[in-house]
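Me: I'm new to this one, and I'd like to go through it slowly. Could you take my questions as they come?

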Amino acid sequence: MAARKGSAPKLGDVLLVTGAESFLADRAVRSAIAAVSKNAASGDGAVEVTDLEASTLDVGVFAELTGPSLFASERVLVLRGLENLPAEMAPHLIEYAGSPADDVLVVLVHSGGQKGKGLLDKLRKASVNEVVATAPKTWELPQFVAGEIRLLGGSVDEGAASALVDAVGHDLRALAGACSQLVSDSGGQAVTAELIGQYFGGRAEVTSFAVADAAIAGRTEPALEQLRWALDCGVAPVLLTSAMAGGLRGLAKYASAPSGMREADLAREVGVPPWKLKQLRQQSRGWTPGGLATAIKAVAQADADVKGASGDAGYALERMVLTITRAHGRR
């Protein structure tokens, strides 16, 4: 989940947004702009916003965007892809972070990973505010759904929140969109499993996780049948590769965990709720390290294909399922 260090962003601040979860990072940027606009001295929310890729920044542009302006008294500068900032710009940015302009909010977005870590460390030493955009764990997704629905003014119980995750999948943008739609159409009533079924029943019958479970179990025909049904129901291809990747990662962690661990410790080691261990124990039968490696490579290839490397997402997903089911039990 997004975690904030420090107070709400305001003019005169430098806000650092870090983490690989793009939906939460984008939300943090929007929230920062909204906070500054709400408190604009003009009273009409007239704040000039400039949104740039950090890779395009040079000294002149940076000075122009953070220096005195004839056209706007209050400004927000958003620099995305901070990890790609030109090396010669780093000292200027660090110097600015130590003494920012009073009428500008600078938002620096870093997408996670080791690239640019030295710059991040120096910015943190300059005491910039930071929002960490971390994706919730699988078992935390119902909490995310409940939080989204409460934020929108609705209510939902734990069972219905879990039902929405089962129906829509793990993608936060898709879940947030579903929450918004459900609250908007619920007429002020609680969001129930029945309402979720009305909107997402097709997806709920065959989710991306059902396809993943069948493939990981080595059941070729059921996996292919459910894959075609899921695509017909409108399940996004990227959700199918995401579910498959998550299932295989959990299985690989379970298989490589030290033997003799207590169940609670094993669940923490693998990164799953305790009830999930029984399923992983069953799934691990018939899998070898070599087979898992083959399956994980197949998912990586399919994920690249459905994101644009191939023109036929359906074919890429079928090939992924076939490769995985054939790798089951392979020595």
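Predicted model: local features only at pLDDT ≥ 70, side-chain atom pairs only at ≥ 80, totals over all residues.

Me: Let's start with helix α3, then. Which of its residues are buried?

Reply: In α3, which covers residues 90-98, the buried residues are Ala 90, Leu 93, Tyr 96 and Ala 97. They span an arc of only 130° around the axis, and therefore they sit on the same side of the helix.

Me: And which exposed residues are on the face turned away from that buried side?

Reply: That face carries Pro 91, Glu 95 and Gly 98, which are exposed.

Me: Switching to rings: how many aromatic pairs does the structure hold?

Reply: There are two aromatic pairs. In one of them, the rings of Phe 23 and Phe 144 have centres 6.4 Å apart and planes at 80°, so this pair is edge-to-face. Because Phe 23 belongs to helix α1 (residues 22-38) and Phe 144 to helix α5, the pair ties together parts that lie 121 residues apart in sequence.

Me: Are those two buried or exposed?

Reply: Phe 23 counts as buried, at 6% relative accessibility, and Phe 144 counts as buried as well, at 5%. The cut-off behind this is that buried means under 20% relative accessible area.

Me: Then what about the rings of Phe 62 and Tyr 96?

Reply: Their ring centres are 5.4 Å apart and their planes stand at 75°, so that pair is edge-to-face. Phe 62 is in helix α2 and Tyr 96 in helix α3, 34 residues apart, which links distant parts of the chain. Phe 62 and Tyr 96 are both buried.

Me: Last topic: at what angle do the axes of α12 and α13 cross?

Reply: The axes of α12 (residues 263-270) and α13 (residues 276-284) cross at roughly 75° and come within 10 Å, which means that α12 is roughly perpendicular to α13.

Me: Which residues meet there?

Reply: From α12, Glu 263, Leu 266, Ala 267 and Val 270 meet Leu 277, Leu 280 and Arg 281 of α13. The residues of this contact divide into five nonpolar, two charged and no polar.

Methods
Residues numbered from 1 in each chain as written. Heavy atoms only, no water. Buried < 20%, exposed > 50% of the residue type's maximum accessible area, 1.4 Å probe, protein only. Helix = DSSP H or I, 4+ residues; strand = E, 2+ residues; numbered from the N terminus. Arc of directions from axis to C-beta. Axes fitted to C-alpha atoms, helices over the stretch in contact; angles between N-to-C directions. Parallel < 35°, antiparallel > 145°, perpendicular 65-115°, else oblique. Contact = heavy atoms within 4.5 Å. Nonpolar A, V, L, I, M, F, W, Y, C, P; charged D, E, K, R; others polar. Phe/Tyr/Trp six-rings, centres within 6.5 Å; stacked < 30°, edge-to-face > 60°.
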